[in-house]
Structure formats: C-alpha cells, structure tokens
Amino acid sequence: MNGANLDDLVDLLGRWASGRGPLYLLLTARLRALIDDGVLPPDEPLPPDRVLARRLAVGRGTVVAAYDLLQQEGRVVRRQGSGTRVAALDLPATRTADGVPANPLLLHILHPPDGVQLLTCAAPDDPPQAMFEAYEEAAARLAGVRDLGYQPAGNSALRAALADYYCARGLPTTPDEIMVTTGAQQALTLLAGLLVAPGDTVLTESPTYPGALEVFRHASAVIKPGTPEQLRERPTLAYFVPTARNPDGAVMPDSGRRRLAALAAEHDVLLIDDEVCAELCFSGETPPPVAAFGRGEQVVTVGSMSKLVWGGLRLGWIRAAAPLVSRLSRLRAVHDLGGEVLGQLAAAALLRRLDEVRGARVRTLRERHDHLCAELRERLPSWSFEPARGGQTIWVRLPRGEVDAFAQVALRHGVAVPPGRSFDPLGGHADHMRLHFLFPAEELSRAVNNLAAAWASFDGAGRAASRHTLIV
C-alpha cells in the first residue's frame, strides 16, 4: 500500500467500527491486524491523526489513543516532526513461496533465520524417552476403540488423570472441572474469548508472559499492570503467574497465594493462575495452586505439558468450576470439536510418570541455569539479574541503553534476544531482556560469547524501535 494514499488505508480498515467496545480499541485492533499480517509493511507511514480522524468521521482523540496504544505495543513509532510509521522488524522481512508477505509475528517460528541462536523461544526441543514410550502405550490403548473421538472437553481418561493430579496437590477436583486444550495458549484464548469483551479491564503482572498479553489485546481488552492489591479495583479478569514466572523464574510464597485467592474472592474477580512452568521449580517441590487457598470457583488454573515435556506436545488444560468448563467446551466445539485423542492418551501416561519426567527435566534446567549465570557473571559482569527459582528463563537488566537497540546489534552477532518491553503491557522495562537456559552448556557459552561481543560494540545510544516476533 502507498502510505500517502489515505483512501487505500480506509479501504483496508473496512468496517472497523462495527464491533462492540470503545472506538479507539476497535481502531487499534484493526490496525494491529493489518500490521501483524504484513499488509502494512515496516516503515509504512500512517496518516496524521487529524487527517485520519477527519476521514473516519471520529474525534482526533480516537486516532491519537489508537496510535499511542500501538506505540506501547511496539507496533508503530511516533516521532515529533516525522509522524507515525509502522515499526521496523527485528529480522528482514521474508515472503512465502507464493510471494505473500510472511506474518511478522511468526517469523522466528515459521521462518527461523540461519545461523542465529534463538533466545526468543523458551520451550524444550529435546523430548524425553518417556514421551515416546507414552505414545506407544497410547497407540496400544487406541487399538479396538470404536469412538468418533470428538471430545470438546477432552478425553475422559486424561480428564480423570488431571483431576487426580490436582487432588494430590491439595485441590479437590472432579473430571467435569477439567477441560483439555491444544496447549495453554488455546486455553488463554478460549478464556479471553468467553469472558472478555472489548473495553474490559484485564489486570496482569509486569513483567509477564507476552503470549497472554497478545491474547488480551486480540480481545480488545484494556490491559492494566498491577499488583494483587489492585484486585480491589474489580477488573473483569486478572492474570497472574505465581510459580516459576515467565520471564524471571520467581515463585510466590504460600502467603502471597493465600492473599491473592482471598482478594479475588472478596472482590469477585475471576483470576487465571498460569501454572505452565509450575512443575519446574528448582527446589523439587511444586507449590499448591492458588485455587487451593480459597474458593475454587473464583480461580481458573491453566497448565500445559509443553514446558515440562516438549514444545511440540500441544497439550494443555483448564481447571475451573464445572459450569465454566461446560461453557468453554461449547465454545471449543465451535472451533475444532476437540483435540486429537492419541496425544491425550499419551499425556495421561506421562502423568503417571510425572515424578520421573519432572526430576530429569529439573536437574537439567538447574545445571544449565547455573552455567548461564556463571558465564554472565564472568563475561558480562555489568549486567544485573536475580537467579531464577524455577522455570526456563532469567530476567536481565542492562546498565545503559535500551534492549531494542542492543537486540539489533546482538542479531548481527548471531543471537536473537527478546526485549523487555514485550513483557510489559505498557511497553516499559526497555532496559531488560529475557534469556532462556534451554541450550546445552556449550551452546549457552557460545551465546554468551556472542552477547559479550555485541555488548563491546554497543554504545548504548539511540533506540532502534522494532517489532518482535511472537515470544513463548
């Protein structure tokens, strides 16, 4: 599209105002989609706010608010005197075989760059032997089955196994309080689709998991960073990661969980407890879910196998009150009628071997965590971070400059790093980055060497604002 052609942009926006919610959120959602799909390419100039407002027959404040929100998300750059432009990509744009621009949000996943160590994707790429054995067991169980396999709430054997899993952790649960999903990302998407309307407020921590922020943005929610005490303001939904938090590996003490559950109940706020990394605590103990400390119907627990076992095992779940599970199942049925059964039977087999699988994964992660921390302290002593208490990542602060600019230098040295503002609903934490420790020790050492070389050539000046790919 020619950036100077206002009519082209208006045509692309289409019936942007036909949905529910504040106009600025509806305009933001449509512009976000055009940018993420590559229809509005990097460095594309957008019309001045007054001009676009006049053409769309809305107040200037609507366009200003939409542009400001997109700037917080890193999707546009606004500078006095040079106007508003689509932000650059953190990697050169690529095209699919048919010449269609690749979705920038998925570049690292769909089109991984050659010769670059991706510290942007924190998921294990080495499935354990137990997973292969679980699939063999699942295949044997599937023999002779006469069943359509359409189970929107999930396979009954896995739902029962997950119910037993939560009972063992101090949270009485029945199978009808379990819904199986295609990974935790689908769980969050279904919850937001059912519970969040455009303009609703969602309270999150900061920093927090970027994939959740993208889900809430897609729902046109107003995302507000805050602490548990701000549940008193009664947001529509709250999202917290109390255990092995992505990005910093923090673990909330039991007293904090009890307080979080009490505040959610007192102020009638539905709380999502993201437990995706809960089984990866370095202490070897898995803390109780937040729902175990209060009224279970007020807390929705989300879990997944992708971080414990393998990123490609797209198996997640929701633990919630049975009426909510029923509503979610109806919504799931509209989308895909349910997940594939073989993987669910394998997951049930893996749950029976949870101690074995968790023990091996945690030992490996703890060793690699300690190695990465030692390498950073030796090679980059001016960088600051707190060791993680679990999970797969640490949260690092640079002593000068912004990580958006440093990330461009690091990329030229063969390392892709996710800047901190991707983890902040308001685009803050610009001096932070997340580093994972999933690579073997030799690869981690090479990554730190490359980061040290990039840091030596980085003068800390300027801010090379850019869009970044989906971070997991």
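This is a predicted model: local features need pLDDT of at least 70, side-chain atom pairs count only at pLDDT 80 or more; totals for chains, interfaces and linings use all residues.
Residues are numbered from 1 along each chain as its sequence is written, and side-chain values rest on heavy atoms, without hydrogens or water.

Helices are DSSP runs (H or I, at least four residues) numbered from the N terminus. Helix H13 (residues 354–379) packs with helix H15 (residues 441–456) at an angle of about 25°, the axes being 10 Å apart. The two are therefore roughly parallel, a term for angles under 35 degrees; axes are lines fitted to C-alpha atoms over the stretch in contact, and angles run from 0 to 180 degrees between N-to-C directions. Contact (heavy atoms within 4.5 Å) involves Arg368, His371, Leu372, Glu375, Leu376 and Arg379 of H13, and Ala441, Leu444, Ser445, Val448, Asn449 and Ala452 of H15. By class, six of these residues are nonpolar, three polar and three charged.

Helix H13 also holds Arg358. Arg358 counts as buried because its relative accessibility is 15%, buried meaning under 20% relative accessible area, exposed over 50% and partly exposed in between (1.4 Å probe, protein chains only). Apart from neighbours within four places in sequence, Arg358 is in contact with Glu279, Thr286 and Leu308.

The structure holds zero disulfides, a disulfide being a pair of cysteine sulfur atoms within 2.5 Å. For Cys373, which is in no disulfide, the nearest cysteine sulfur is that of Cys277, 16 Å away. Cys373 is buried at 2% relative accessibility, whereas Cys167 is partly exposed at 38%.

Methods
Angles under 35 degrees count as roughly parallel, over 145 as roughly antiparallel, 65 to 115 as roughly perpendicular and the rest as oblique. Ala, Val, Leu, Ile, Met, Phe, Trp, Tyr, Cys and Pro count as nonpolar, Asp, Glu, Lys and Arg as charged, and the others, Gly among them, as polar.
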